[in-house]
Amino acid sequence: MKKRVFAGIRATGRLHLGNYLGAVKGMLQLQDNPQYEALYMVADVHTITTPYNVQGLRINRREAIVDYLAAGLDPKKSILFLQAQVPEHAELAFYFGSVTTIARMQHLPTFKDKVKQYPHDVTMALLNYPLLMAADILLYKAGLVPVGIDQEPHLEVAREIARKMNQEYGMNFPEPVRFATKGSYIPSLNGEGKMSKTVEGSFINLTDSVDVIRKKVRSVPTATTSGGEMNPGVKTLFAFADLFIPNELNKYKKEYENGTLQFVTLKDAIADAIYKDLQPFQEKRNEIIKNQEYIDQVIKEGAEKARSIASQTVMEVKEKMGLS
Ligand code: TYM
């Protein structure tokens, strides 16, 4: 049997460059590796763990599938599906709650960040977020997960749950590990923290035009003169240069060091390279949305395939736990 790969992205809006470099590039790489069977999910149920708009979610979950297709994920090679259409995810997450303490969930850095961000919306769904993510992965007994570095604490929880379920109930869950890409951590455009959908001014969308990308990259706070210790904005700029114009990196670094670098020249070179990378995605996306029936079919078939695997695992878990 082929080894399985699993990844998901929340349906919180259009994909941004961080999602693309940290996750989607790895997903593409693994989809083309014949050693693996890949499942790529839109985490629409995870989206309801923080405040959201119902109509927005209805649209975004479908648009996320379109983004997957436009990025090159291929339903002939990978199983692409919506989490809410496979109810086994929520069911297994509940069973996992019996081997997980509340304290463990409360201490997670990802949980603490969300509590700070939404102090009036600290719900049970939010606390259970990592259980649902563990269920996503373990339902398919996936051992490899292409995600950005920010998801590492969640993977650790998934490994702990796998171990406990194996020890206590004799399951054979693998301990999933992260598949890393070169862009595992894409910094925010404002020079603070990571690029994130929920932080305005931090991200570049994959559907942004060249003008918008130029404007956004130009807004990275750099400095009036070059040379000396790099501030966070300058570091961010060089991180992007390393990813998008690696052959010119040294040239710009030397210019920075000897104080002759014009930041706007570097910024525009990066912006143009980003756009060039995104152009095929944008063109493909425009084609795909013309065929809504195809999108319906991908969603329907993906759910059926995912469910046929997921239902077997849930049956096995129920059997081992004395629930059948
Ligand atoms: P989400 O929706 O926050 O992000 C989707 C993917 O994009 C990566 N990512 C980044 N990578 C590099 N730099 C950044 N600035 C950046 N921002 C986001 C994330 O690491 C992620 O890979 N919990 C997950 C969704 C999920 C999931 C799963 C993932 C649900 N179930 C099962 C894997 C397996 C999340 O919130 O991702």
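The model is a predicted one, in which local features need pLDDT of at least 70 and side-chain atom pairs count only at pLDDT 80 or more, while totals for chains, interfaces and linings use all residues. Residues are numbered from 1 along each chain as its sequence is written, and side-chain values use heavy atoms, with hydrogens and water left out.

**The two pockets**

A pocket is found on a 1 Å grid over the protein atoms alone, as an open set of points where a 1.4 Å probe fits, with protein on both sides within 12 Å along at least five of seven lines, and its lining residues have an atom within 4 Å of a point. A volume is the space filled by probe spheres set on the points, which are joined across faces, edges and corners.

| Pocket | Volume |
|---|---|
| Largest pocket | about 980 Å³ |
| Second largest pocket | about 340 Å³ |

The second largest pocket is lined by 18 residues, and A93, F94, M124, N128 and L131 are the closest to its centre. Its lining receives two or more residues from each of α4 (88–96), α5 (102–106), α7 (124–127) and α8. For the largest pocket, the lining has 44 residues, with R10, Y129, D150, Q151 and K194 nearest the centre. This lining divides into 22 nonpolar, 15 polar and seven charged residues, whereas that of the second largest pocket has 13 nonpolar, five polar and no charged residues; here Ala, Val, Leu, Ile, Met, Phe, Trp, Tyr, Cys and Pro count as nonpolar, Asp, Glu, Lys and Arg as charged, and the others, Gly among them, as polar.

**The ligand**

The ligand sits in the largest pocket, meaning that more than half of its atoms lie within 2 Å of the pocket's grid points. Around the ligand are 29 residues, of which R10, Y129, D136, G148 and D150 come nearest, a residue being near if one of its heavy atoms lies within 4 Å. β1 (3–10) supplies five residues, the largest share of this shell.

A polar side-chain atom of D136 lies 2.6 Å from a ligand nitrogen atom, and one of R10 lies 2.7 Å from a ligand oxygen atom.

How values were computed
A polar contact is a pair of N or O atoms within 3.5 Å; within protein, one must be able to donate a hydrogen and the other to accept it, and residues adjacent in sequence count only if both atoms are side-chain atoms. Helices (H or I, at least four residues) and strands (E, at least two) are DSSP runs, numbered from the N terminus.
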